[in-house]
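Visitor: Could we walk through this model together, starting with side-chain exposure and then moving on to whatever comes up?

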Amino acid sequence: MTDADLGAALPLPVPSTEMQDRLARRRSASAQSLAAPGPTRAEIERILLLGARTPDHGKLFPWRFVVLGPVSRAALAAALTPMAARQSDPGKAAKVLSKLTAPPLTILVLSAPVIGHKVPEWEQQL
């Protein structure tokens, strides 16, 4: 995927009954219910390409995607465990942290605003 792919003009939308039907049936799955094998590399690239199509006033791309596999997720969870233990409800914090390690893949979306740009930071984050 290149920056050119992210900035390319989209074709005009065509109403799709199939898409509307799919959206009407869509349900979120809990992180703990997501199981291996997870998406393929091609599917991940497609997810990221579509995710990058979010509205972007100023064409700044003020976000970054970080794809975490099993090893990096485990390392991140281990690094966050001491912080979870210091929370007012450590058990709940540990349960939330398990959402990071349960699925076969995690994609972090990070805000990366362009500081000092005419598009205000709050608008880039929105």
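Guide: A residue is called exposed when its relative accessible area is over 50%, buried when it is under 20%, and partly exposed in between. The model here is a predicted one, and in it R41 counts as exposed because its relative accessibility is 68%.

Visitor: And E45, what does it count as?

Guide: E45 counts as partly exposed, because its relative accessibility of 39% falls in the middle range. The side chains of E45 and R41 meet in a salt bridge, with 3.7 Å from N to O.

Visitor: Why are those two about one helical turn apart?

Guide: Both belong to helix 3, which covers residues 41-51, and they are four residues apart there, so about one helical turn separates them.

Visitor: How many salt bridges does the count come to?

Guide: The count comes to two. The other pair to look at is E18 and R22, whose side chains meet at 2.9 Å, N to O; these are four residues apart in helix 2 (residues 17-25), so they too are separated by about one helical turn.

Visitor: Switching topic, which residues make up the largest nonpolar core?

Guide: That core has six residues, namely L68, A77, A84, A93, L97 and L100. Helix 4 (70-85) and helix 5 (90-101) are the elements that give two or more residues to it, and helix 5 gives the most, with three.

Visitor: What is L68 in contact with, beyond its neighbours within four places in sequence?

Guide: With those neighbours left aside, L68 is in contact with R73, L76, L100, L105, T106 and L108.

Methods:
Residues numbered from 1 in each chain as written. Predicted model: local features only at pLDDT ≥ 70, side-chain atom pairs only at ≥ 80, totals over all residues. Heavy atoms only, no water. Core = buried A, V, L, I, M, F, W, Y, C linked by side-chain atoms within 4.5 Å. Buried < 20%, exposed > 50% of the residue type's maximum accessible area, 1.4 Å probe, protein only. Contact = heavy atoms within 4.5 Å. Salt bridge = Lys/Arg side-chain N within 4 Å of Asp/Glu carboxyl O.
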